Every structure is written in structure tokens, then in C-alpha cells.
Amino acid sequence: MSCKQLCITLVAICSALLVIVLVRTFTLVPRKDVVIACKTADSDFIKLTDQILKRFQKALQIDTISFKRGEYNRDQLLLLGSHLQKSFPVVHSSPLVKLDIIANYSRLYTISGSNTSLTPYLLTAHLDVVPAIAEEWELPPFDAQIKDEFIYARGAIDFKQGIMGILEALEYLLSKGFKPNRSFYIGFGHDEEVTGVDGARAISQELQSRGLKQVEFLLDEGLAVLNGFIPGIKKPVALIGIGEKGFLTLKLYVKGEAGHSSMPLKETAIGILAKAVSKIEDNPLPSMLGYGPEKEMLEHLAHEMPLAARIVMSNLWLFGPIVSWFFSQKPPTNAIIRTVTSVTMFNGGVKTNVLPSDATAYINHRIHPAQSLQEIMDYDRAVINDDRVQISVEDSMVAAAGSPSGENDFGYQIISNSIRQIWTNATTAPGMMIGNTDTKHYKDFTKNIYRFSPTVMFPGDEKRFHGVNERISKNNYEQAINFYYHIIVNADKRLLMGNTDTRHYAMFTKNIYRFCPTVMFLGDEKRFHGINERISKKNYEQAINFYYHVITNADQRSLINIHQHSDEL
Ligand SMILES: CCCCCCCC/C=C\CCCCCCCC(=O)NCC(=O)O
């Protein structure tokens with residue numbers, strides 16, 4: 001090949017790459033329905049009254065702690081149950097609502113809709129919380145005191161704002177005479193923090209035993225309204241978890257030899273285990289960017305970014321390694337691109353002058369959906385590379401596949417639109433839930449599983465989950481209630497409000513108009529995507545003539561000057 005031919009080939013390849021990059025950059029624009037913003041002046045806005053605030057604080061003061069599987073504060077769960085009963089009298093006495101107590105503490109509400117042809121949906125949340133080390137908190141974790149407009153308490157964002165927010169919204173709606181068309185369920189599990197096997201799983205079994213086959217969608221706790229988490233985007237980003245990482249907890253065990261500390265062996269069981277753990281921490285798993293829901297997330301968000309970032313994020317096939325490096329720098333972004341590893345427990349030794357007879361550590365992996373449990377086990381074994389360290393599986397769950405997040409996916413769009421009604425300046429995108437939820441117990445009912453908590457977060461707030469100083473602002477709690485209000489109202493519709501293809505032509509003109517030459521009478525709107533869609537012969541003739549006139553009228557250079565014509569008359 002001559003030098004000239006080589007140059008031509010290179011220019012051709014670069015031009016082709018440039019075209020692909022630019023086409024992807026400017027065509028990845030997600031659906032965005034026009035939504036009516038929820039305003040505090042609206043007649044149906046639920047204001048955070050003292051009464052609402054007090055019952056939220058009371059719920060937070062009840063320490064419904066889960067310690068381990070089957071070990072939770074049972075009395076407190078009962079107390080929380082009676083607090084809910086007292087706080088929401090309309091919910092608990094409405095003929096439209098049936099409450100079942102499941103496995104002693106969990107709660108399943110069935111709200112009957114009038115239209116049995118509509119598939120019901122399911123809202124879930126959990127009653128339990130993780131323990132808190134009170135001494136490390138600014139304010140006691142179970143007092144729910146308010147400081148600078150924030151309510152501090154264990155459970156404030158994980159996830160009693162969900163429990164109370166859902167019931168506040170339902171109480172309000174029912175007291176205003178709301179009668180749903182679409183039935184729905186509300187499931188509150190009591191042991192989500194210890195895998196939900198007693199609570200959510202029992203609720204799911206109860207629904208199955210009633211013959212329920214399918215729900216339209218499921219909304220559980222999950223991602224949040226994030227400010228400043230995603231490089232390049234200043235406005236709030238509300239991520240809806242369409243997938244969920246799996247987990248794998250491994251037990252590492254080293255058998256040692258007890259003896260006198262004055263005559264030590266070269267290595268003790270603790271030393272051997274410490275080296276293994278250190279190797280695990282020094283060898284993070286590789287980035288899987290582009291192979292899971294994070295790809296969709298970045299492609300959805302690209303159009304919100306400045307041009308350079310937009311080009312990069314729209315073309316992960318080319319720029320993936322740069323993005324991976326960048327995202328690896330901070331824990332929240334690192335968590336979405338790879339299987340992460342946390343050494344969470346380490347035990348060994350009984351006395352300062354006794355050689356340890358054994359040592360145990362636990363490693364908790366959160367697994368990226370593109371990897372299997374076996375791959376992670378094999379990786380750890382190879383990294384540790386020491387047969388003296390016995391590795392066994394303590395607990396595991398495979399990652400959850402991505403739920404649909406397309407333009408016509410009812411559940412996703414209902415959640416997205418409800419978010420945008422409350423956080424009007426936020427952009428929504430599908431994401432991957434990095435923690436685990438109760439949703440695994442409901443996966444047989446639907447593929448439309450979404451994980452979103454109505455929680456506003458700023459960088460650093462992620463440490464409050466299971467950490468110290470968990471809190472929510474009063475304003476955010478009010479938003480949470482109104483978010484659930486809109487979920488219930490929006491999901492009660494039969495269909496998404498229609499969108500057209502016009503958004504794909506938005507780059508060509510701002511003069512976009514939408515009109516169908518269709519004559520409609522009241523009730524005909526149900527024929528769209530419904531049954532008995534029809535048009536009269538006369539109307540079809542009108543439609544043809546309408547398009548005839550559109551074509552002939554648009555064929556002019558400019559609009560006819562009406563005044564000129566009037567003068568002529
Ligand atoms: C570029 C995107 C960055 C994503 C950053 C995510 C920020 C944090 C938002 C939500 C995190 C939720 C994690 C908490 C899980 C809560 C549920 C739970 O505790 N489940 C039990 C468990 O996982 O062990």
C-alpha cells in the first residue's frame with residue numbers, strides 16, 4: 001500500500017469514527033413528557049403540618065432494629081404497627097383497604113380499584129432499621145430531634161420516610177374521596193435489613209396464595225435525587241434503579257495453633273488472614289463499565305452534560321477506559337462500575353499472651369450484573385493464592401437484570417414523571433441500585449421492578465446510610481409524601497399520556513405542531529390503544545382533504561397577507 005493510499009484509508013477511518021461519535025452524541029435524547037409541576041399553592045398539595053411531622057418523628061423513635069436473620073426487636077415492630085394504625089385512621093377504616101398482618105409484623109395493604117381489567121401495581125418499603133452507635137451521633141439516633149430543619153434519626157432515609165410517606169399520601173387521598181380505578185398493594189416487610197426472608201418473602205407468598213400472577217410494576221426503596229454526584233451535571237439527577245447488584249459474602253477461615261506468645265511461630269492465624277485480606281483490598285475487581293445498567297444511565301444523562309462530556313458519555317464504546325478511571329476515584333461512582341469488595345468483620349485471638357488458634361474474616365462483595373458469583377469466588381481464590389485460607393460462601397444473591405426503561409414502559413415513566421412533578425429541575429435516568437432491597441422476593445410478579453427513594457442527597461450524604469447522623473430535611477419529607485401522592489394518582493391511569501415521534505426531529509426546527517385530522521366525541525379517547533379503534537368514512541375523506549390543503553398551502557413562499565386581501569375586498 002502506498003503512502004497516499006495509507007493516508008486515504010486513515011482519513012476514511014477517522015471520518016467514519018467521527019460520524020459515529022457525532023451521530024450518537026446528538027441522537028441519544030430520552031423521552032421527556034410535559035408534566036404539571038406540583039406546587040405548594042396547589043389545592044391538592046399535602047403540607048407538612050405539625051401533626052404529620054410529629055407522627056413521622058414518633059415512627060423514627062421506635063427502634064425497630066434488625067440484628068441478624070430472625071433476630072429483630074419484635075416489641076418495637078408491634079409498637080410501630082399500632083402507631084401506624086393510630087396515625088392513619090382513614091386508611092385503617094376505609095372499605096377500599098384491606099390490611100393483612102403477615103408473619104406477625106409485616107403489613108400487606110390491598111387497595112381495591114373499580115376497574116378489574118387494570119393490572120394492579122405494588123409499592124413496597126420496610127419497617128426495620130439497622131443498629132446505630134449512639135455515641136458517634138450528633139443527636140441521639142432514636143430521638144428524632146430536629147436541628148437546622150433536618151430530622152436526625154436512624155431510618156430517616158432508610159426507610160421510614162417511605163413507610164410514612166406512602167401512608168400519608170394514601171390517608172390524604174382517601175379522606176378526599178379518592179376511589180382508585182386500578183387496584184394496588186402496599187407491602188411493608190419487617191426484616192429487609194437482614195435479607196427480608198421472614199417479611200417480604202412471606203408477603204410475596206401471601207400474594208401468590210391469593211392467585212396474584214402479575215403486577216404492572218413494583219416501586220421499592222432505591223436510588224435517590226442526587227446533587228453533584230455525577231461529573232459534569234450540575235442539576236439534580238434522579239436515578240431510578242432498574243437493576244440491582246448481587247451480593248456475595250465469603251467467610252475466610254485460617255486454622256492456627258494455640259501456644260505461648262513467648263515462642264511464636266513465624267506466622268499466626270491472624271497474620272496469615274491479615275495478608276489474605278490485604279491482598280483482596282489491593283486487587284479490586286476490574287471495571288465492567290458498559291456491560292450493565294450504568295451504560296443506559298450515562299447515555300440518558302449525556303444530553304445534560306457539556307459538549308465534551310456529552311461526546312464521551314454517548315460513546316462509551318470508544319471512551320470507556322477514560323470514564324472507568326474517572327469513576328473509580330470516588331466510592332459512589334466506583335460502586336456503579338464494578339463489583340466492590342468490603343472486608344466487614346475480622347475476629348481472632350482470645351488473650352494478649354496466647355497465640356490464636358484460628359482467625360475469621362468476612363468479605364462482602366456487591367456484584368456487578370455482568371459478573372457471576374463463581375467468577376468472583378475464582379478471582380478471590382486466585383488473588384489470595386494461599387491454601388491455608390479456607391474460603392466458604394456465607395450468603396449470596398445474583399444481581400437483578402435491568403427492568404425496562406423505554407419510552408413506553410408504564411411503570412418507569414410513571415415514576416419518572418412523578419419525580420419530575422416534585423423535583424421540577426431534576427433530570428431522571430435509569431441506574432443500578434448499589435445496595436440490596438426486598439425486591440428479590442417479588443421478582444416472579446413482574447419484570448418491571450424499580451428502586452427509587454424520594455430522598456435528596458448531596459455528596460457525603462451516602463455515608464449516612466447505615467452510618468452516623470442519618471437525617472432528612474423537613475422539606476424533603478414533605479416532598480416524599482407528595483411524590484407518593486403523585487405515584488398513586490398517576491398510576492391510576494390506564495395509559496401513559498401519548499408522546500409523538502416529534503422529539504426525534506427537534507434538531508431541525510422549533511416549529512413543531514401536533515394535530516390529527518380526527519373527529520372525536522367524549523369517550524372516543526378510550527379507543528386510542530384501547531379496543532374498537534375506528535374512524536368514520538366521512539372523517540377519513542376529511543383527513544385526505546386536510547392533507548391536500550396542508551401540502552398546497554405550505555407550498556407558498558410566505559403566509560398570505562390577510563390585511564392585503566381584506567383591502568382588496
Ligand atoms: C454516578 C451515580 C452514583 C450513584 C451514587 C449512589 C448514591 C447513593 C444513593 C443511594 C444509595 C442507596 C444505598 C443504600 C441501600 C439501602 C438499602 C439497604 O441498606 N439494603 C441492605 C443492604 O444493601 O445491605
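Is Thr195 buried or exposed? Thr195 is buried, with a relative accessible area of 15%. Buried means under 20% relative accessible area, exposed means over 50%, and partly exposed lies in between (1.4 Å probe, protein chains only).

The model is predicted: local features need pLDDT of at least 70, side-chain atom pairs count only at pLDDT 80 or more, and totals for chains, interfaces and linings use all residues. Residues are numbered from 1 along each chain as its sequence is written, and side-chain values use heavy atoms, with hydrogens and water left out.

Backbone geometry is treated next. Thr195 is not a glycine, yet its phi is positive, at about 80°. Thr195 sits in the loop between β8 (184-189) and α6 (200-209). Helices (H or I, at least four residues) and strands (E, at least two) are DSSP runs, numbered from the N terminus. His466 also has a positive phi, of about 65°, although it is not a glycine. The loop between β18 (449-457) and β19 (471-473) holds His466. His466 is partly exposed, with a relative accessible area of 48%. A cis peptide bond links Asp158 to Phe159, with omega about 10°. Phe159 belongs to the loop between β7 (150-152) and α5 (160-175).

The ligand site comes next. Around the ligand there are 19 residues, of which Glu192, Glu193, Arg366, Asn436 and His466 come nearest. A residue counts as near if one of its heavy atoms lies within 4 Å of the molecule or strand.

Polar contacts are pairs of N or O atoms within 3.5 Å; within protein, one must be able to donate a hydrogen and the other to accept it, and residues adjacent in sequence count only if both atoms are side-chain atoms. A polar side-chain atom of His466 is 2.7 Å from a ligand oxygen. An N or O atom in the Glu192 side chain is 3.2 Å from a ligand nitrogen. For Asp158, a side-chain N or O atom lies 3.5 Å from a ligand oxygen. Taken alone, the ligand exposes 650 Å², and the protein buries 91% of that. These areas come from the Shrake-Rupley method with a 1.4 Å probe; for residues, only the protein chains shown count as cover.

Two or more residues of the shell come from each of β9 (218-226) and α11 (331-337). α11 gives the most, with 3 residues. Domain 1 (50-243 + 401-491) and domain 2 (245-397) each supply at least three shell residues. The domain bounds come from an automatic or database domain assignment.
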